[in-house]
Protein chains: 2
Amino acid sequence: MTLQQEIKVAVDAVVFGYESKGNLSVLLIKRGVEPYKNTWALPGGLVLENEALETAVKRELKEETGVTIDYLEQLYTFGKPKRDPRNRVISVSYFGLVRPNHFKIKADTDADEAQWFPVNDLPKLAFDHNTIFQTAEKRLKSKLLYQPIGFDLLSKEFPFSDLEHLYTTILGQDIDRRNFRKKIMSFGFVEATDKIQQVGSGRPAKLFKFNKQKYDALLDDGFYFDIKFV
Amino acid sequence: MTLQQEIKVAVDAVVFGYESKGNLSVLLIKRGVEPYKNTWALPGGLVLENEALETAVKRELKEETGVTIDYLEQLYTFGKPKRDPRNRVISVSYFGLVRPNHFKIKADTDADEAQWFPVNDLPKLAFDHNTIFQTAEKRLKSKLLYQPIGFDLLSKEFPFSDLEHLYTTILGQDIDRRNFRKKIMSFGFVEATDKIQQVGSGRPAKLFKFNKQKYDALLDDGFYFDIKFV
DNA sequence: TTATTTTGTGTACTATGAACACAAATGTAG
DNA sequence: CTACATTTGTGTTCATAGTACACAAAATAA
């Protein structure tokens with residue numbers, strides 16, 4: 001009943017990065033081998049014989065881009081028979097976020113092969129990677145509304161406006177700053193520090209930080225984030 | 001850099017069924033071959049050479065249990081190197097729901113190998129299938145609160161109390177019947193029929209049905225189900 | 001005929017969401 | 001150095017949605 005399989009297993013990662021003021025980007029690499037040689041693609045590759053899936057993603061990311069990941073979760077597994085023109089390859093895709101300070105692409109060996117692209121201006125990608133990207137983008141938007149993953153795209157300490165801009169950028173809609181701030185602060189896991197930051201013109205901003213311990217404690221109580229009102 | 005792979009790809013399904021009055025069950029099969037011969041396991045098996053993943057699940061379900069699925073979505077991909085004691089096998093798991101009238105297990109060939117088990121009284125399962133089950137149960141609970149998947153566990157026409165009991169059973173908490181009914185009806189995609197059903201003692205109940213078209217139309221407007229208050 | 005079981009319904013109170021504008025602190029341009 | 005532009009920071013009112021709560025109606029069972 002069970003034919004001998006010749007299916008290969010790959011992992012691919014959709015990694016988002018955010019630079020202040022509305023720059024949401026995705027990390028891509030330019031393929032050096034056929035098929036799709038010289039085409040942009042998501043970082044990723046084949047899983048090794050005795051390697052866990054998540055280990056494989058992290059390894060590939062490090063090898064291909066040098067970027068350090070701050071948040072990583074499994075996204076979806078794509079397995080259509082013809083998604084790779086040559087062999088049958090199923091791809092377990094991952095969804096990742098990086099902080100601005102982990103944003104820089106490594107300067108050595110194949111540095112010019114990896115690059116950040118703004119999400120609104122992506123090239124045509126290899127394989128079904130555009131589909132994978134869209135799935136990730138959808139996940140990012142919906143997850144932002146009920147889990148505090150946005151903080152993994154910001155520095156450890158950030159002005160409140162960074163958080164606002166992150167939300168408006170990703171969701172593509174304006175928010176009321178007073179209501180947003182009131183709501184976020186009501187959760188109790190975002191705390192003001194005593195630092196103040198001045199950037200360009202305008203009143204200097206207090207810096208805030210995300211308190212993961214408090215968040216985890218709330219989670220145990222069946223807490224639900226829920227800022228879908230934004 | 002890329003060693004020759006010897007990884008096999010399987011699919012497994014966690015299929016939930018619901019019989020009236022608080023009986024939530026999962027579909028299991030008894031394995032006929034090593035490893036884990038004679039141990040209960042989730043239905044599933046290896047993906048064929050040119051077969052889509054979802055096709056594979058449906059095929060395995062049909063072959064092993066004869067049950068017709070009403071709702072199916074991908075759950076998670078499990079890929080720890082030692083999850084199968086013999087070969088490296090990654091499992092793409094699926095999450096399924098069946099209506100009561102599709103509940104019966106086929107009577108032919110290996111019928112006695114498939115069986116419904118109440119979720120609160122599962123045996124120890126083969127491989128990491130207990131983990132897979134737990135992941136599915138969690139998904140069922142959380143999904144019930146923001147997507148109307150509960151209807152895929154009921155008959156096409158059902159008394160309102162069936163819906164209530166479904167929610168109390170799966171979530172494991174009581175609900176206020178008046179508020180629940182008010183909320184569900186406010187969404188507009190549950191409609192009363194003109195049929196009335198009498199079961200045992202008590203006042204006979206109007207039958208209701210789920211209107212998928214109306215639901216889909218709402219979805220396009222960015223509608224969010226949200227009955228997490230239950 | 002009485003008790004038991006299940007369905008069906010409305011109102012008052014509370015909490016949360018939504019809408020809204022102006023002063024404070026700094027840099028920048030004339 | 002003064003006026004203007006830019007960004008941060010903050011409260012109140014109104015509308016909507018959630019929550020708590022009890023009893024009558026229609027049937028069967030004893």
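Predicted model: local features only at pLDDT ≥ 70, side-chain atom pairs only at ≥ 80, totals over all residues.
Local features were taken only at pLDDT of at least 70 and side-chain atom pairs only at pLDDT 80 or more, while totals for chains, interfaces and linings use all residues. Residues are numbered from 1 along each chain as its sequence is written, chains are lettered from A in the order in which they are written, and side-chain values use heavy atoms, with hydrogens and water left out.

Chain B places 31 residues in contact with 31 residues of chain A (contact: heavy atoms within 4.5 Å). The area buried between the two chains is about 2,900 Å² (accessible area, 1.4 Å probe, that two parts lose on being put together, summed over both). Carbon and sulfur atoms give 52% of that area. On the chain B side, B:Gln5, B:Glu49 and B:Gln74 lose the most area to chain A, together 21% of what that side buries.

Four elements of chain B each give two or more residues to this side: strand S1 (7-19), helix H1 (53-65), strand S5 (71-78) and strand S6 (88-98). Helices (H or I, at least four residues) and strands (E, at least two) are DSSP runs, numbered from the N terminus. S5(B) provides the largest share, four residues. By class, the side of chain B that touches chain A has 16 nonpolar, seven polar and eight charged residues. Nonpolar here covers Ala, Val, Leu, Ile, Met, Phe, Trp, Tyr, Cys and Pro; charged covers Asp, Glu, Lys and Arg; the others, Gly among them, count as polar.

No salt bridges were found between chain B and chain A (side-chain nitrogen of Lys or Arg within 4 Å of a carboxyl oxygen of Asp or Glu). Over all chains, the whole structure has 26 salt bridges. One of them pairs A:Glu157 with A:Lys195, with the closest N and O atoms 2.8 Å apart. This pair links distant parts of the chain, 38 residues apart: A:Glu157 is in strand S8 (residues 157-159) and A:Lys195 in strand S9 (residues 190-197) of chain A.

The peptide bond from A:Glu34 to A:Pro35 is cis, with omega near -5°. A:Pro35 lies in the loop between strand S2 (23-30) and strand S3 (40-41) of chain A. In chain B, a cis bond joins B:Glu34 and B:Pro35, with omega about -5°. B:Phe127, a residue other than glycine, has a positive phi near 50°. B:Phe127 sits in the loop between strand S7 (114-118) and helix H2 (129-144) of chain B.
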